[in-house]
Amino acid sequence: MASESSLNVKPMKATQAGASTKQEFLAHGTIQHFDITKNPGVVSVVEGMQHMAFTARDLHRAADIYDRMLKDRQCGVILTLAGSLISAGLKKIFVDMVKNNMVDAIVSTGANIVDQDFFEALGFKHYIAEDKLKSGLFDGQLREHALDRIYDTLIDEEELRICDETTQKIFDEMEPGPHSSREFIRAMGEHLEKSGGPKGDGSIIYEAFKRDIPIFCPAFNDCSAGFGLVAHAVARNNDPARTATWDGGKDFYELTQLKIKNPTTGIFMLGGGVPKNFTQDIVVCAEVLGHDAPMHKYAIQVTVADVRDGALSSSTLKEASSWGKVDTMYEQMVFSEATLAVPLIVGYAYHKGSWKARQGKKWAQLLEAQPAGAN
């Protein structure tokens, strides 16, 4: 195992030159994660929206559908995350959803879970970028100082390299052979547990680990974990007998097992992309495996994608019904940017309190007891 002093954290092309110092770029503070628990007035705000029009009325209906998911004791709730959500200040909302049995499984991009949530759990932060940096005119200077820009947010590339190499160290300790992304992410949660818990203000990975909530990243290579997997494989000379590998097919099989074992499901999708399609497709995959699985009973999607360009991220839930994926009685598209819509939708459901009588499904236990290849 590499020592901290041997970590290769210095980006080769970062010169550390330029008129402004690195700290000047980071002097505008850190992203603060929104706390839904402190805003009970959100219920009356969202309820008032039902008498309006356009996106306001859509948002109220989405919030009501999410509350219905939580009231339905048979329903397993799957949250999907795409886009840069944790860096934008939504982490605590997802942590509170996990803590309060408001979600039973998470399907996400690797960026949200590894590059952002695990990154912050290691003690690092996302920084507020000065408004002028959004112009793109200063990106060369940011590169010289090893700072990566996410629209109006900055992340320190040297700290991100530590995140990359920490994932390698975790993978080095895993059993050789194929693993689902869920198994790798569980190992990250275990690492945090052994390290005394997350540094800072909570972690989705850590809270999910403690509550047996599985997290899947169906494009697992597309994040710090991908760098860790490559470094791990090279260090083991790609020897199958010594190397832990990611098996995307196992991801699909495991998530499909959740649908087979828990036919009533609701999906709460933020953004689109791979997490959205992967989660919708488990209904079809269950049928391919010979099971008569019902469509997702409840479905919400928050997106800003344009429905006219044929993109997966914008395909409507009614369109998904034509594929046999989503029922149309309780479905709602909300065309809004996530940092605006999510605090309202989840805050409404949180303060309505339907989650208080809900038991977590502990689906990770089911998957540990149901190895790939079993019926």
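Glu 47 is partly exposed, at 29% relative accessibility (buried is under 20% relative accessible area, exposed over 50%, partly exposed in between; 1.4 Å probe, protein chains only). The model is predicted: local features need pLDDT of at least 70, side-chain atom pairs count only at pLDDT 80 or more, and totals for chains, interfaces and linings use all residues. Residues are numbered from 1 along each chain as its sequence is written, and side-chain values use heavy atoms, without hydrogens or water.

**Salt bridges across the chain**

- The count comes to 22 salt bridges (a side-chain nitrogen of Lys or Arg within 4 Å of a carboxyl oxygen of Asp or Glu).
- Glu 47 pairs with Lys 352 in a salt bridge, at 3.6 Å from N to O.
- This pair links distant parts of the chain: Glu 47 sits in helix H2 (residues 42-49) and Lys 352 in helix H15 (residues 338-352), 305 residues apart. Helices (H or I, at least four residues) and strands (E, at least two) are DSSP runs, numbered from the N terminus.
- Lys 352 is partly exposed, with a relative accessible area of 38%.
- Asp 72 and Lys 297 form another salt bridge, their closest N and O atoms 3.3 Å apart.
- Here too, distant parts of the chain are linked: Asp 72 lies in the loop between helix H3 (54-71) and strand S1 (76-81), Lys 297 in strand S10 (residues 296-303), 225 residues apart.
- Asp 72 is buried at 14% relative accessible area, whereas Lys 297 is partly exposed at 33%.

**Other salt bridges**

- Asp 131 and Lys 134 join their side chains in a salt bridge at 2.8 Å, N to O.
- Asp 131 is exposed at 55% relative accessibility; Lys 134 is partly exposed at 31%.
- A network of salt bridges links Asp 35, Lys 38, Lys 92 and Asp 96.

**Helix H2 against helix H3**

- The axes of H2 and H3 come within 7 Å and cross at roughly 120° (lines fitted to C-alpha atoms over the stretch in contact; angles run from 0 to 180 degrees between N-to-C directions).
- H2 and H3 are therefore oblique to each other (under 35 degrees is roughly parallel, over 145 roughly antiparallel, 65 to 115 roughly perpendicular, the rest oblique).
- From H2, Val 46, Glu 47 and Met 49 meet Ala 56, Arg 57, Leu 59, His 60 and Ala 63 of H3 (contact is heavy atoms within 4.5 Å).
- The residues of this contact divide into 5 nonpolar, 1 polar and 2 charged (Ala, Val, Leu, Ile, Met, Phe, Trp, Tyr, Cys and Pro are nonpolar; Asp, Glu, Lys and Arg charged; the others, Gly among them, polar).
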